[in-house]
Amino acid sequence: MSAPRQSPPDANSTQPARRSLSRTRLLAGIVSLTTASSIVTVAVAGRTSGADAEATPPSLVRGDSHRLATTPPSKTSATDAATVQLVEFIDFECRRCRATQPFIDELRADYAGRVDFVVRYFPLPGHVNSTHAAIAVEAAAQQGTFEEMAAVMWDTHGHWGRSRTPQTSLFRSFAAELDLDMAAYDAAVEDPATAARVRQDFEDGLALGVTGTPTYFLDGALIRPKDETDLRRMIDDALAG
């Protein structure tokens with residue numbers, strides 16, 4: 001889980017740095033509790049938004065939830081349609097979320113066509129840019145570039161992660177580099193509905209028991225894998241069903 005007071009990665013870290021992280025550390029600590037400050041900030045957020053949570057029943061996956069694209073292998077047949085669903089709650093400012101992305105990409109390739117990968121936002125209130133980043137990604141998603149914008153966020157995390165000032169201008173430059181319609185992007189960022197979309201994911205996460213990131217649900221059940229091997233075993237067991 002994310003520990004909001006962790007030090008940021010080296011400012012020069014990008015995708016190569018992600019790949020160099022020890023594989024044994026990618027998912028280590030997912031089962032550990034978040035720091036007291038994380039729990040306190042999440043609890044406060046839950047209390048301040050309790051009315052909204054009561055008004056909208058929590059849902060693990062909604063119609064507008066983001067599913068990661070996969071390319072089924074040629075051997076996949078019509079009867080091998082995805083039968084297992086893995087939902088990940090993420091915070092773009094979370095170092096552990098960033099560290100696990102190469103592994104998640106491997107899972108997507110290894111289980112293509114058999115596992116439905118879903119991503120939901122869970123920006124921790126203690127992180128200055130978590131919500132800004134999620135809104136930027138959601139604004140890009142409205143132009144069909146959710147995965148591309150999310151990838152840029154992970155790849156550049158070392159440049160903005162844990163910054164004490166809002167990085168909205170930097171995030172806007174990412175959108176421009178992706179050749180998005182900037183008028184539409186700006187409008188989406190300013191639209192309260194975009195922030196509400198991000199907030200709904202967060203509210204659902206709170207109601208479902210999410211207290212930190214990354215948090216995984218496998219076929220509707222909250223899981224706490226000890227490491228990469230453990231998560232693979234859980235997926236294999238679910239597929240064997």
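The points below are grouped by topic.

This is a predicted model, in which local features need pLDDT of at least 70, side-chain atom pairs count only at pLDDT 80 or more, and totals for chains, interfaces and linings use all residues. Residues are numbered from 1 along each chain as its sequence is written, and side-chain values use heavy atoms, with hydrogens and water left out. Helices (H or I, at least four residues) and strands (E, at least two) are DSSP runs, numbered from the N terminus.

**Cavity**

- A search of the whole structure finds one cavity of 30 Å³ or more; a cavity is a set of points on a 1 Å grid over the protein atoms alone where a 1.4 Å probe fits but cannot get out.
- The largest cavity has a volume of about 50 Å³, a volume being the space filled by probe spheres set on the points, which are joined across faces, edges and corners.
- Its lining (residues with an atom within 4 Å of a point) consists of Leu68, Leu86, Val87, Glu88, Ile104, Phe117, Val118, Val119 and Tyr216.
- Strand E2 (84-90) and strand E3 (115-121) are the elements that give two or more residues to this lining.
- By class, the lining of the largest cavity has eight nonpolar, no polar and one charged residues; Ala, Val, Leu, Ile, Met, Phe, Trp, Tyr, Cys and Pro count as nonpolar, Asp, Glu, Lys and Arg as charged, and the others, Gly among them, as polar.

**Helix H5 and its partners**

- Helix H5 (residues 130-141) packs with helix H9 (residues 182-190) at an angle of about 130 degrees, their axes 9 Å apart; axes are lines fitted to C-alpha atoms, for helices over the stretch in contact, and angles run from 0 to 180 degrees between N-to-C directions.
- H5 and H9 are therefore oblique to each other (under 35 degrees is roughly parallel, over 145 roughly antiparallel, 65 to 115 roughly perpendicular and the rest oblique).
- In this pair, Ile135, Ala136, Ala139 and Ala140 of H5 meet Tyr185, Ala188 and Val189 of H9, with contact meaning heavy atoms within 4.5 Å.
- The contact of H5 with H9 has seven nonpolar, no polar and no charged residues.
- H5 and helix H10 (residues 192-208) pack at an angle of about 115 degrees, with axes 9 Å apart, which makes H5 roughly perpendicular to H10.

**Backbone details**

- A cis peptide bond, with omega about -5 degrees, joins threonine 213 and proline 214; proline 214 is in the loop between H10 and strand E4 (215-218).

How values were computed. 1 Å grid on protein atoms, 1.4 Å probe; cavity = no way out; pocket = protein on both sides within 12 Å on 5 of 7 lines; lining within 4 Å.
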